[in-house]
Amino acid sequence: MSSSPAPQRTVFLNGSFVPFEEAKISVMDRGFLFADGIYEVAAVIDGRLVDARAHLARLERSLAEIEIANPYSIARWTELMADLAARNGLSEGLVYIEVTRGVAERDFPFPPRDTAPTVVMFTQAKAILASKAAETGVGVITVPDLRWKRRDIKSVALLAQVLAKEAAAKAGVAEAWMVEDGHVTEGGSSTAFIVSAEGTLVTRPLSNAVLPGITRLAVKKIAADLQMKVEERLFTVEEAHAAREAFYCSASAIVMPIVSIDGAPVGEGRPGPVARRLREAYLGLAREEGALDSDFA
């Protein structure tokens, strides 16, 4: 019995759905020349977008912060994302969005205001529900935070994160927690949480120093529903080493238990009950249409 052929990979580029091989961007695109652009990543589970409205609201905020006009409404973005996922036969994975300031001769100031932004979307298949890493837990290392001062903007300028992630890969762990003035800011592509000895969830408060994580927001709401105490404050690397549990969250990792930091075990060295419960609750809501629909602010 023959199986049906996999769909041709399709990309959305500047208003059209095109075959992956035909998707081309100018060498004069400011995203390429200056990292002058914004991106977002949203999960797809059971063929449905997860918490897309909040991701798109954050996209809109980031674009406004660097003065790029949002090319689509949230409703239209949602339609396009769902259409792209369907065209690629994506049942579980990610939709990536990037919007740059567009194509112009290389010059640092903004190009003329009528310059059209470049809009790109593509999908990536990824196992989210059945994650081996979530079952066993993962390690992280700590690295200096080398990034700029507006980390609340989801900029495509990710070189510091690339270096942090490469350091993690070389150390054989899943993530790098970035550290500034002795305090953990966030992961290379995630929000950092610890569980104190008293059982309180601790995560850094929002500011220009960290990205306002969409999964972070959902996890906080789930924790409140489960009557878990959440405290937003700075925490040190030493506190993280002494924590009962630690985990990070993101659109792709959901809630990822951490079992070691810098090679030292966290808690009992295996995924703890708080992280497991939060992950289970999040995935349960993600599989219910509309159950995860955060109001990003």
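Colleague: What share of the 297 residues in the protein is buried?
Modeller: Buried residues come to 49% of the 297. Keep in mind that this is a predicted model.

Colleague: What part of the contacts with a separation of 6 or more comes from residues 24 or more positions apart?
Modeller: Those pairs account for 72% of them.

Colleague: Switching to helix packing. At what angle do the axes of H6 and H8 cross?
Modeller: Roughly 105°, with the axes of H6 (residues 214-225) and H8 (residues 273-286) coming within 10 Å. The two helices are therefore roughly perpendicular to each other.

Colleague: Which residues meet there?
Modeller: From H6 you have Thr215, Ala218, Val219, Ile222 and Ala223, and from H8 Leu278, Ala281, Tyr282 and Leu285.

Colleague: How do the residues of that contact divide into nonpolar, polar and charged?
Modeller: Eight are nonpolar, one is polar and none is charged.

Colleague: Last one, back to the whole protein. How much accessible surface is there, and what percentage belongs to carbon and sulfur atoms?
Modeller: The accessible surface is about 14,100 Å², and carbon and sulfur atoms hold 53% of that.

Key:
Residues are numbered from 1 along each chain as its sequence is written. This is a predicted model: local features need pLDDT of at least 70, side-chain atom pairs count only at pLDDT 80 or more; totals for chains, interfaces and linings use all residues. Side-chain values use heavy atoms; hydrogens and water are left out. Axes are lines fitted to C-alpha atoms, for helices over the stretch in contact, and angles run from 0 to 180 degrees between N-to-C directions. Helices (H or I, at least four residues) and strands (E, at least two) are DSSP runs, numbered from the N terminus. Angles under 35 degrees count as roughly parallel, over 145 as roughly antiparallel, 65 to 115 as roughly perpendicular and the rest as oblique. Contact means heavy atoms within 4.5 Å. Ala, Val, Leu, Ile, Met, Phe, Trp, Tyr, Cys and Pro count as nonpolar, Asp, Glu, Lys and Arg as charged, and the others, Gly among them, as polar. Buried means under 20% relative accessible area, exposed over 50%, partly exposed in between (1.4 Å probe, protein chains only). Accessible areas come from the Shrake-Rupley method with a 1.4 Å probe; for residues, only the protein chains shown count as cover.
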